[in-house]
Amino acid sequence: MIIKKATLKDKENLVKTVEELIEEDKNLDHFSPHYKDPKYYEEQYIKNEKYDVITLEEKQTITGYIIGKKKTNNIYTIEMHYVIPRKRGQGIAKKLKKALEEHARNQGFKLITSYASIDNHASIKLNEHTNYKQETIGNYVYFKKEL
Ligand SMILES: CC(C)(COP(=O)(O)OP(=O)(O)OC[C@H]1O[C@@H](n2cnc3c(N)ncnc32)[C@H](O)[C@@H]1OP(=O)(O)O)[C@@H](O)C(=O)NCCC(=O)NCCS
């Protein structure tokens, strides 16, 4: 298993996970259109220095990724977190979160934040189980943790 920051070389593999997200979202319609646009991943996330894409790769397949964003000098925020459906419940999201937190800490960030819609049970549990403080405002739950 390899956990590392994605580069343009990982583009093709990353696109395969985007295809899984598109398939999953056909009936759900949970994700904003840009999360289903491979070009957006390349231009906005991999090439843009404001973002870090961390992937977890098993047997040359990316089974999960997490995207972090440098929000301010001190605050780092989780933009997206995804594990392909057949690999869920095996601790992949937790490993990715830990790697991103370490990456943010090493860059000097003091706080990491994220949010989820109130009906995203898996994401809320994941944040609870990784010691994030949470606050519900309207239809969203906001998370934060000191680094
Ligand atoms: C949220 C998501 C990333 C979790 O990935 P995962 O690899 O299955 O999560 P993990 O196996 O690392 O689980 C981490 C913790 O969350 C809990 N958890 C994860 N999914 C859960 C679920 N569906 N129900 C209850 N608890 C859940 C686990 O119990 C685990 O805690 P523990 O190890 O202390 O028992 C995954 O479900 C996903 O990709 N969902 C679709 C995309 C999404 O909604 N992303 C978040 C956007 S805000």
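Two strands pair if DSSP finds at least two bridges between them. The legends below describe a predicted model.

**View 1. The open sheet of seven strands.** The strands follow the order S1-S2-S3-S4-S5-S7-S6, and their pairing is mixed. Strand S1 (2–5) and strand S6 (133–137) are the edge strands, each pairing on one side only. From one strand to the next, the twist averages 25 degrees.

**View 2. Strands S1, S2 and S3 of the sheet.** Strand S1 pairs with S2 in the antiparallel sense, over four bridges. In this pair, Ile3 stands opposite Leu56 in S2. Strand S2 (residues 51–58) also runs antiparallel to strand S3 (residues 61–70), and eight bridges join S2 to S3. Here Thr55 stands opposite Tyr65 in S3. In a regular strand the side chains alternate between the two faces of the sheet.

**View 3. The hairpin of S2 and S3.** Two residues lie between S2 and S3 in this hairpin. Lys59, in the turn, has a positive phi of about 45 degrees.

View 4. The eight bridges between S2 and S3 belong to an antiparallel pair. Helix H1 (residues 11–28) packs on the sheet and touches S2, S3 and strand S4 (75–83). The direction of H1 makes about 95 degrees with that of S3. Helix H3 (residues 92–106) also packs on the sheet, where H3 touches S1, S2, S3, S4 and strand S5 (111–117). The direction of H3 makes about 35 degrees with that of S3.

**View 5. The crossing of H1 and H2.** The axes of H1 and helix H2 (residues 38–46) come within 9 Å and cross at roughly 125 degrees. That angle makes H1 oblique to H2, because angles over 145 degrees count as roughly antiparallel and those from 65 to 115 as roughly perpendicular. The crossing in which H1 passes H2 is right-handed. On the H1 side, the contact is made by Lys11, Leu14, Val15 and Val18. On the H2 side, Pro38, Tyr41, Glu42 and Ile46 take part. Six residues of this contact are nonpolar, two are charged and none is polar.

**View 6. The shell around the ligand.** There are 18 residues around the ligand, and Arg88, Ala93, Ala122, Lys125 and His129 come nearest. The elements that give two or more residues to the shell are S4, H3 and helix H4 (121–128). H4 supplies the largest share, five residues. By type, the residues of the shell are seven nonpolar, eight polar and three charged.

Definitions and conventions
Residues are numbered from 1 along each chain as its sequence is written. This is a predicted model: local features need pLDDT of at least 70, side-chain atom pairs count only at pLDDT 80 or more; totals for chains, interfaces and linings use all residues. Axes are lines fitted to C-alpha atoms, for helices over the stretch in contact, and angles run from 0 to 180 degrees between N-to-C directions. Two residues are in contact if their C-beta atoms, placed from the backbone, lie within 7 Å. A residue is near a molecule or strand if its C-beta atom, placed from the backbone, lies within 6 Å of it. Ala, Val, Leu, Ile, Met, Phe, Trp, Tyr, Cys and Pro count as nonpolar, Asp, Glu, Lys and Arg as charged, and the others, Gly among them, as polar. Angles under 35 degrees count as roughly parallel, over 145 as roughly antiparallel, 65 to 115 as roughly perpendicular and the rest as oblique. A crossing is left-handed if the near helix is turned anticlockwise from the far one by less than a right angle, and right-handed if clockwise.
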